[in-house]
Structure formats: C-alpha cells, structure tokens
Amino acid sequence: MPDTKLDLLQGTLDVMVLQTLAVMGAQHGYGIARRIEQASGDRVLLNQGTIYASLIRLQQRGWISAEWGTSDNNRKAKFYSITKRGRKRLAEETVYWERLSGVMGRVLAIQPGGGD
Amino acid sequence: MNGVFRRAFERIGSFFRRSRLDREFDAEIATHLELATDENIRRGMNREEARREALIRIGGLQQSKELHRQARGLPALEIGFQDLRYTLRTLRRDRGFAAVAVLMLGLGIGANVAVFSVVNDILLRPLPFQDQQQLVWIEQANGKSGLSSLTYSVDAYEGFRQRNRTLKDVTGYFPFSPPDNYRLGGHSDLLPVTAMSVLGNFFQVLGVEPAIGRMFLPEETQRNGRAAVLLAYPFWQRQFAGDPGVVGRAIDLNGMPVTVIGVLPDRFDFGAVFSPGAKVDAFVPVIPDEMRDWGNVFTFIGRLKPGVSVAQANAEAGILAPELYFNVKYPNSKGGYTARALSLKEYVSGRLRRSLIVLWCAVGFLLLMVCVNLANLLIARMGARGKEFAMRAALGAGRGRLIGQLLTESLVLSAGGAILGLCLAYAVTSYLARQGSVALPLLSSVRVDGASLAWTLLIAVASAVLFGLAPGLKVSGRDLQASLKDTGHAVSASQGHHRLRQSLVITQIGLACVLLVGAGLLLRSFLRVLDVDLGFQPDGVAAIKIDYEEARNPQRRAAILEELLRRIQAVPGIETAGITDNLPLEGNRSWGLRAKGQQYREGELPGTFVYVITPGYFDAMGIRIRKGRQFNWSDRADSQSVVVINETAARYLWPGEDPIDRIALINGRDTRIIGVVSNVRESSLEKTGAWQMYLPIAQAGPVGSILTIRSRLPLAMLSPTVMRTLRSMNPSQPATQLRPIQTSVDRAVSPRRFFMLLVTAFAVFGLILAALGIYGVVSYLVTQQTQEIAIRVALGASKSRVQGAILWQTFRLAAIGAAMGAAASLAAARLIASLLFETAPTDLTSFAGTVVLLALAALAAAAIPAQRASRVDPMAALRTI
C-alpha cells in the first residue's frame, strides 16, 4: 500500500518534534510541520493543526520553550526551541525507538514454518 | 515523574488562563495559515486556492483549537463547566420544573438525612465513653418483674467484683433513685434535685473525667464519711451560673452540708444513656454498708480486660452468678442469681435497632419514590427536548456528551435538593434533640454531623444518577432522524416513552402502598396501645412528690400522713387523694409473695411489684377493687399485717378459690389478703401478667411519698392551694409542681408515637408523590390523545364517556400498582411484625384502608386531566393536526 499515508502512532509526533528542533534550532509551528513532512518524504499523514497540541504538551513538560519573534518574511510567529531537559529526553526516546524498531523488524522477519 | 507533576500544574494553570491562551493560539495559527498560504502562492497557486490548500493541510481551524485546548488544559472540567452553565440557563428558563424538583428532592433528602442522623446517633455512633466497646452491661438473665429482678445486692456486687476474671472492674448505680429525691437548700424555696446514687468507682470505670474537680474518694463511700456530690454540667450552669468556685464549697442537700467535689463534663448525659427521658442533676456516692440489707440495689456495668470478648464475659457471669450470695449473713441465700452480659451499646440501643431500621427503610423508599417521580418528570421533559438533543447530536455531540449533559442537570437539581434537605434535617434534628419527653436514648445528642454530611452527599449523587440515568439512556438510544421528525405529538414515536412512564408510575404506587400499609399497621398498633386498659384512670389525676417530717416509727408516719390527707381532701375541688411510694410506669421494686403452706419450685414464682400506699390511693388513681376491701386507717402498725394483691397474683396463688382472708408470706411475715384489685400496667403499656401487691403505709417502709390527687380543676388553679396545704404541714416542702399522671403514660408511649408519627408522615408524603406521578402521566396521556379524543367526541362520544375512559386507564395503573404493592407489603409487614401491638401483620383494615386511599388519590389525581379531556373542542383539536 505505497499510496496510503502512514497514521502517526501515539507519542511519535512528540519525538519527531523534539528531533526537528534539536537539529534545526528555534523554529515556528509551520516550519516544524513542514520539516517533518519533508523529512518523511511526505509519507506521514499529518494534519498540521495537530502539531500545536504536541507543542503545548512538550512545552508544559518543560522539554521545549517558546518565544514570540519575527519570521524570515517578517511575520510575527511563536518560535520554539529545545531545552536541555528536552535534549536528555530526546536521547532516551531515540534509544527506545531504535530498540523498538529493531525488535519489530526481527519479529516481522520470522518466516512461517521456520525455527531457530 | 517531574514532568508529570509539572504538566499537571501547567494544565491547571492553563484552565484559569483560558481566554488569554486562546487568543495566543489564534494568533499563532493565523501566522501558520499566512506562512502556508505564502508558500503555496510561491508554488504557483492563486491566492484563494493557496489559502484553501493551507486550511486543508491544517485540518480544520476549530478542530486544531479543540485539540490544543484538550492538550493544554483540563478538558473534562471545561466540559463540566460548560454543561453546568448550560444547565443553569435551561433551569432558569424552566423555573417551575426546577422548583418542584428541588422541593421534592429537598423533602426526600431532608427526611433521609434527619433519619440517618437519628440512626447514626442511636445505633452507629459509639457511646460517649472512653473505649466504650469494652463496657458491658450485666443484669439478671430472667428478670421479668421490674428492676428488683434485674439487679443485685451489695453482697452480690462485692462477690462478683472480687471473683470475676474477665473484667478490669465492675461498677453500678442505684436505679431505684426516684426523681426529685433531694432538696437543695440555701434559697427562699427548697429546690427539688434529682441525684443518682452511683458506686464510688462509677466514673473511673466509664472513663469519664470531671470537667472541674475530682471523682469520689474511698473515704467518701464509707459510713459516716465526708458527704460529697458531683454536679451534672447543665445543673451547674443553671443553678450555679457555671461558677467554678462552687467546687470545694458545701451546699445544703436535704438539710445536710455536702461538699461539691467536681462538675462532670457537658457531654456526659447520664439520662440519655441509662434512663431515657429523665434528667439527673447530681451524683452522690453509694455507701455500700448502708444498703447491705436493702435487697437488690445495683445494676452492673463492667469494663472488659483487654482481649476479652463480651461472649467470654457473658459465659463467666453465667457461671459466677449462682455462686453469689444475696446476703452473706444467710448461707442459704446463695444460688438465686442468674446473669447475662451484653455490650453497653447493645443494652442502650439494641431494642431500638429494628424500629430504626424500619424507619431507615421507610425514608429510603421515600427517596426512591422521589427519584422515580423525577425520572418521570425528566422523561416528560425529554419528550419536549427530544429535538434539542437530536440537534446537538447532529452537530457532533457524542453519546457520552449528551448523557453527561443530562447527568449534570440531575446533579444540579439534586445539589439544590441536598442543600434544602440539609436545612430541613438541621431543623428537624435540633427540634428532636430538645424533645426531653421522648424516652429514646441518646436523643439529646442527635445532630447533623460529618457522617450525616457524607451521607447527604452519597444519597444526593446516588439519586441524581438514579433519576438522571433513565432519560439519559433513553436519549442515547434514540434514532436521530426519528427524533428530528417526531413532532412530539405523534403517537407512534413516543410509545416507548409512555410505556416507561407508566411502569414508573406503577412502581411508585407500589412503593406508596408499602409505606401506607406499614404506617397503617403502626398506627393501628399505636391506637391499640392507647386503648389498653391501664388498670387505672389517668384522667384528672395529678401527682406531687411530698416531704414530711422524718418518722422512724411507722405508726407515727401513718398519723402524719393521715392528717396531711385530711387537710388536702378539705381543699375545695379535690375529690380524693392518696399517697403511694411508687407510681405505675415510673419507679418500681419487687418482693416475694407466696401462699402460706404451699410448696413452690425454685424460681416458679415471679417477683411481685410492691407499692406502699395510704387509704384513698385506689380511689384517687381509679384502680378498681375486684374483691374484698381496701385499706383504712385502722390498718395500723400494731394490727394484723394485711395486703391487697392484683388479680393475676390471686389467680395463680389461689386458683379457683376466694383469696380473701387467706394468709400469704411476705418477707417471712404472715399477711392476710384483704382485697384484690385490677391489674395495673406497671412498667410498660404493652406488657401484662405481672404480680402486684399493695401494703398499708403503717406496716411497710415506703421508698418515697407521692401524693396523688383526683380533681376536675385545672392544675394551675390547684397547685397554689395544694402547696400551701403541704407547707402548713411541712414548711420545708420543696417547690415542685403538680404534674398530671398522664405525662408518664405519654412518656411510656413516646417511642411508639415517635416512630408511628414519622412513618405516617413519610407515608403521607409518599401518597402525595404517587398522586403527583399519576397526575403527570395522565395529563401527558390526555395531551397525547387530544386528537383521538377529538375524533371520538366528533363521532358522538359523550363527556362522561371520555372522562370515564381516562379514569379507567388511571384505575388500571393504580390497580396494578396496588396489587404489586400489596404483595410486597405482605412481606414487609412480616418484617415489622415484632413492632406491632395486638395487630396482625395481615391486618385487613390497614390493607383495605391503603387500597381505598390509593384509589382515591389516583382518582383525584386523574380528575383534573380527565376534566380537561372532556372539554376538548373537537373542531379546534382536529384543526391542529
């Protein structure tokens, strides 16, 4: 099903946002959304509006901070940047996701009839 | 973990900064939209298309906003507040409905909280003593003839205290202490005071510390020791204006200086626990040596050793009792005692458990009826609001949201009801706490406390869920389209509603039926109790406690009283007068009575109630002489010992024979029976079969003197002359009031009256609720069937025919409800059988009365809508189709 876009798993969007901010530095909501879409090769089904729920969640946990500023084309926008605690969290999440995807990959690779 | 707390904190913060955060988000999403639009334009779209595409990518502005709100704040709370605001708006629009609902709930909840407070006070709350679960009450096991057969002698007390191994200590009090047994001097008038004689260790065993001062010392319980008294708090407040300086001072009691050694705490209310309906002003120590030869004088209260159960104490008491001596001077006085121990709490309130549980059930039923009624009203409202809900559902409100809205509404209503109910309950409980004349234990401490508040909360929420859920389930099950199309008048769509409402009304009638039958049975029992032959005629009889010059010589005493009675009888308006030492339904004591020359088995003969009286007492009290004669003044100390016995004793001792002039043995003395009188209800209106005897005042020692007067004059007129006459004999006669004998009869029936009145009030309220329910359903029925009725009228149906049809439908509902209720009542009546007096649980009158009452209520409730139906104008009604 290559044409169907991927539904986001609960919690994955938050990690994506953290990673985006860690790589790109301060960024506004639209920028983050676009970046995630581009990075995933437009394969993620993302209502851009949902990014803001994720942002407020992360902000309330103290993993990112926000500040009003001016965008490249002179618009007033809220810029988000990752905090120190956010980076720590991202590191933990990265380890977790890598382990999970490794396990998933191995489990899904099991062939019918096969043994050890 | 830190993040979780921080987030919760932030969420709560966001909840209060809602509008600012909303504005900020609006600005943020606007920028987002502009940035996206700009980019789309750069990609070559025209402005309009660019913006549209941007909006699509965002996924809906409103949705994003909702998501944002949910993530940042407390969505459940916000929805709750929204529902609340909406509910208040709706209810304000529908004031009539809200008022009726709150009123009904208020009455229902109020009754429940008030009854709960009483139940909590009497049954659930521990007694106001330290470690009260360790306290046990010990009395003789088969005491059937009053206090004397329940109590123990001084020697038995000392033996028991010494030999038992399960109790830390044993104490007791002298329950024969009559009211107003002391006179407080030092004022212009002597003041009557009720002092209870308690054993020296009484307060130590109960764990009651005096508020000021100290407890009794051992030397104060010895013959010729220092006289000491402890004051009860209210008496101290009233008589000594709460002056702490009174402690250590001597007061004049019965002409003797007695040192006040302390004041008991306010919360210690002896009467409330040990003798309901009585007040005790002070406590004096028992001097055991003085009472050693008085016979049975103490009831026991023990404190269990740690780890000992009441059952163990009971077993030990049962073994120990036969070993106790009535009087150690007589070796053969051993073996007459029995004993049983029960927890003090059980002794105080055990008897009332069933009545209180019945009461509790009755109010529970009542609340259930209120809920059913409200559910009915709400369903009727749902009929009108069906479209509103369908509209909200069509706009995207989920099932949960709609039910939530309905539950919020019912919670708001029941909160209003709970507040009103609490006010009512508060008023009722403070009223009850002041009813000193109701002989229920602990009643004075009834109040709305924390437990009552918790109970209120519980039943308010429970009832809200109960009556809010039915319409809630109804709405969620509805078909949207059908609701939107349903005009509210079409018959088919509302059929389900109607059936539900009918079954609710039937339930209500059934519940009302159970309540009414219960109330009817209790009312009948109450009337039967009032109707019993007391054996004396309380109407027009008044009593007053009198004092006269102490006379050791019985003949001298008789002479004084003869003169006193002569003067009293000379007072105009007094028909007869007499003196007794105990009045029926008040104090009592019992002695042995047996026919001389007869052998009886051990324990065969019951104790016989003893009354020491003067000539004239039988006439004054209206006690009927069945055989022989009554006393006269020539029954002197030096003449032959004589006695008058009651019919029950006469019939047992001399069956089928004439008892007159037979010789009986009383305290080892040969005594001639000179008369037989009617049986008097001596300790309860509801018990018969006790033996009674009367001894002349010149031949036996009285425990006090109560003057009884029969007169038609009002007491207020009589009192001053009687007092003047008494003072002419004894200037130190204390200033007491004449009181009607009827008051002690009233007090004896007061618990029954109390329960009967409450249950009847609940039943009447229940009947009204049922009538309201019927009215609601029938009105709705008529409204629904207007067109049908119109057609029938147009086709020639007469008014009475139309009315008859409506009444018939109502009657059917009522009949089904009453039939089901009657069946349930039969079961319920069996449960309360032990509370009934000379009334069968299947009492036809009560059942028939209930059915008639229900039928009348149903017809009355249906009459108004039926009337309306008969006035339907066929033309007008048919045009509105």
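Helices (H or I, at least four residues) and strands (E, at least two) are DSSP runs, numbered from the N terminus.

**Ground rules.** I'm working on a predicted model, where local features need pLDDT of at least 70, side-chain atom pairs count only at pLDDT 80 or more, and totals for chains, interfaces and linings use all residues. Residues are numbered from 1 along each chain as its sequence is written, and chains are lettered from A and ligands numbered from 1 in the order in which they are written.

**Pro740(B).** I found Pro740(B) in strand 24 (residues 739–740) of chain B. Pro740(B) has 15 other C-beta atoms within 10 Å, so I noted it as partly exposed (buried takes 20 or more, exposed 12 or fewer, partly exposed is in between; C-beta atoms are placed from the backbone). Leaving aside neighbours within four places in sequence, I get Ala542(B) and Leu715(B) in contact with Pro740(B) (contact: C-beta atoms, placed from the backbone, within 7 Å). I also looked up Gly540(B): its C-alpha atom is 7.3 Å from that of Pro740(B), at 200 residues apart along the chain.

**Chain A against chain B.** I see 20 residues from chain A and 25 residues from chain B in the contact. On the chain A side, helix 2 (29–39), helix 3 (50–61) and strand 3 (76–82) give two or more residues. Helix 3 of chain A gives the most, with seven residues.

How values were computed:
Two residues are in contact if their C-beta atoms, placed from the backbone, lie within 7 Å.
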